[in-house]
Amino acid sequence: MKIKMNGITAALLAAVLAAPASAGKIVMEGSTTVLPIAQKAAEAYMKRSPGAEIVVRGGGSGVGLASLIDGTCGIANASRAIKSSELDKAAKKKRAPKAHMVAMDGLSVIVHPSNGLKGLSLAQIRDIFTGRISNWSKVGGPDMKIVAVSRDSASGTFEAFGELALEKKRVRPDAIVQASNQGVASVVARTPGAIGYVGLGYLSESVKALEVNGIMPSRQTVLSNKYPISRPLFMYTDGVPQGDIKGFIDFVKSAEGQKLAEEEGFVGLR
Amino acid sequence: MRCRKEKLIRYGFTAAAFTALVFLVGIVAVLFTEALPLFRKVRVADFLFGRVWYPTGEPADFGILPLIAGSFWVTLGALLVCVPLGVGSALYLNELAGPKQKAVLKPAVEILAGVPSIVYGFFGMVVIAPLLQDLLGLPIGLCAFTASLILGLMATPTVASVAEDALGFVPRSFREASFALGADRWRTLTKVVIPAAGSGISTAIILGMSRAIGETMTVLMVAGGAAIIPASAFDPVRPMTSAIAAEMGEAPVGGEHYHALFAIALVLFLVTFVFNIAAELISRRFRLKLGHAR
């Protein structure tokens, strides 16, 4: 769940976007969380159907939905459902945003295998990561300093964790910062006092996943939305999709597309 | 015919020589043009002395004091490692080692200088950090102390080879005069050779500092990455270089965060620029002192 963009690709993107829209060209814009799925799926789809041209941009869910309403993109990626205020705006412009769920995003909270704790409440997790709790004894563990392990502040995982678990409060500044899910998992695996968060695909024997509010993270609990740190990811289209847009959305939802989503660390819908 | 050929070659070399200058000017120009837009929105004092770095918050905080503190903290720590090791090995190589030892040790030091920084970083992350964590009972091994240790090791070859050159420049006559006055080897070393090579050794140390403060990959991997002003050597830190490396890929091009990262790069550039000027000035004085002035 990480996007790399440098000046050159940005310049290329800008050049491509400035070109007049041609038939069969799809512009996707929005959530950086959905972006890796969109990117991978677009590459695979363009390989399969050579006529199609898909441009993928980030920007955030709000930006993507605004572009869809303005008609400057064909598909809006969103890591949240559309808001009623956005629906009002869409109605004024005679647009009918239609949601297509493309995957589930679930984050497991992990600790060192030697940690005796079975689970934490979402509120305790929030207190730990925002700095209000700094010792395991406060949450029923041994007298040991808590080492919070977080992600770089621009990563999609960081953003998702902030929204789903921390109520958008700031992560404590003394948290160890790692560049990838794998980085977090390996630091937690080596550090007895550590707690971190990773995508569901990064669970292994070397770390221990905690129950959150009494619910264990798993494909089932994420897919049923019972597990608290999970959310659906959407692609929005204007009305019922047609032509290449329909082809692409169908591809994302197909077994092949869902496999790509799984490879990017999300929970596929089938 | 021949004259034309020589002219061509001459132009070729001239162009090559000026390439470095062109790149330097280009880099400086880009740093300024990309960094300055930030200061339309953030005051310079708030940027340099702000204590909170939270570039993706709403509103974002762009205080780089924790990053500056992180950089200087690990650099000073690295000096504590690389000065004794580097100067010590230079002294040994120059004064005590026999030709056979020198034939082994000198290339070894040079190879150490050629090890890629990611290898040091990996070594630090996988071997040193867990080791220190266990030995010292730290909550986590990824901290300023570990970063200092690895950076110090990395800077040691630089310090050792420049310092060794400086010692080599001390004329034989200085030593002979000292021995002739009845001074023993230790006295000659501490009272004559080291002071004579002093500014060369200072240059070596400053170059080592430059190397340590600009190092990126290693600190990214072992310093822990927390943007706090460290209260102890065992706190995690986020030096300027690692903040730039970790965040540049994901900062939206042209946004405030993007410009802030260039502004950090500018600060870093100015710091190393000052270091290099200092090194140059000192080494010039040193050449004059020993009569190597040109």
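Which residue does A:V147 stand opposite in β8(A)? I looked it up: A:V147 stands opposite A:A194.

**Ground rules**

I am reading a predicted model, where local features need pLDDT of at least 70, side-chain atom pairs count only at pLDDT 80 or more, and totals for chains, interfaces and linings use all residues. Residues are numbered from 1 along each chain as its sequence is written, while chains are lettered from A and ligands numbered from 1 in the order in which they are written.

**Entry: confidence**

I checked the scores before anything else. The model has ipTM 0.83 and pTM 0.79. For chain B I read a mean pLDDT of 90, with 97% of its residues at 70 or more. pLDDT is the predictor's confidence in each residue, from 0 to 100. Within chain B, helix α2 (residues 44-49) has the highest confidence, at 95. Helix α11 (residues 256-289) of chain B has the lowest, at a mean of 87. I keep one caution in mind: where pLDDT is low, the predicted coordinates should not be read in detail.

**Entry: strand β8 of chain A**

I went back to β8(A), residues 194-199. Helices (H or I, at least four residues) and strands (E, at least two) are DSSP runs, numbered from the N terminus. Six of the six residues of β8(A) are buried. Buried is set at 20 or more other C-beta atoms within 10 Å of a residue's own, exposed at 12 or fewer, and partly exposed in between, with C-beta atoms placed from the backbone.

I then listed the pairings, which need at least two DSSP bridges between two strands. Strand β6 (residues 147-151) of chain A runs parallel to β8(A), joined by three bridges. Strand β4 (residues 97-111) of chain A pairs with β8(A) in the antiparallel sense, over five bridges. There, A:V109 has A:Y197 as its bridge partner.

**Entry: strand β3 of chain A**

Which residues of β3(A) are on one side, and which on the other? I found A:I75 and A:N77 on one side, A:A76 and A:A78 on the other. All four are buried, and both faces of the strand (residues 75-78) are covered. As background, side chains in a regular strand alternate between the two faces of the sheet.

I traced the partners of β3(A) next. Strand β1 (residues 25-30) of chain A pairs with β3(A) in the parallel sense over three bridges. A:M28 stands opposite A:I75. Strand β11 (residues 230-238) of chain A is joined to β3(A) by four bridges and runs antiparallel. A:N77 stands opposite A:M235 there.

**Entry: two positive phi values**

I noted A:K168, with phi near 65 degrees, positive in a residue other than glycine. A:K168 sits in the loop between α6 (156-164) and β7 (176-178) of chain A. A:K168 counts as exposed because it has 11 C-beta neighbours inside 10 Å.

I also noted A:N213, another residue other than glycine, where phi is positive and near 50 degrees. Its loop lies between β10 (211-212) and α8 (219-223) of chain A. A:N213 has 15 other C-beta atoms within 10 Å, so it is partly exposed.

**Entry: domains of chain A**

I read domain 1 as 25-104 + 232-263 and domain 2 as 108-223. These bounds come from an automatic or database domain assignment. The domain centres, taken over C-alpha atoms, are 30 Å apart. Five residues of domain 1 are in contact with six of domain 2. On the domain 1 side, one is nonpolar, three are polar and one is charged. Contact means that the C-beta atoms of two residues, placed from the backbone, lie within 7 Å. Ala, Val, Leu, Ile, Met, Phe, Trp, Tyr, Cys and Pro count as nonpolar, Asp, Glu, Lys and Arg as charged, and the others, Gly among them, as polar.

I counted eleven helices and two strands in chain B. Buried residues are 40% of its 294 residues. The C-alpha atoms of chain B fill a box of roughly 75 × 70 × 35 Å along the principal axes.

I picked out B:P139, in the loop between α5 (117-136) and α6 (144-169) of chain B. B:P139 touches A:K145, A:V147 and A:G193, leaving aside residues up to four places away in sequence. B:P139 counts as partly exposed because it has 18 C-beta neighbours inside 10 Å.
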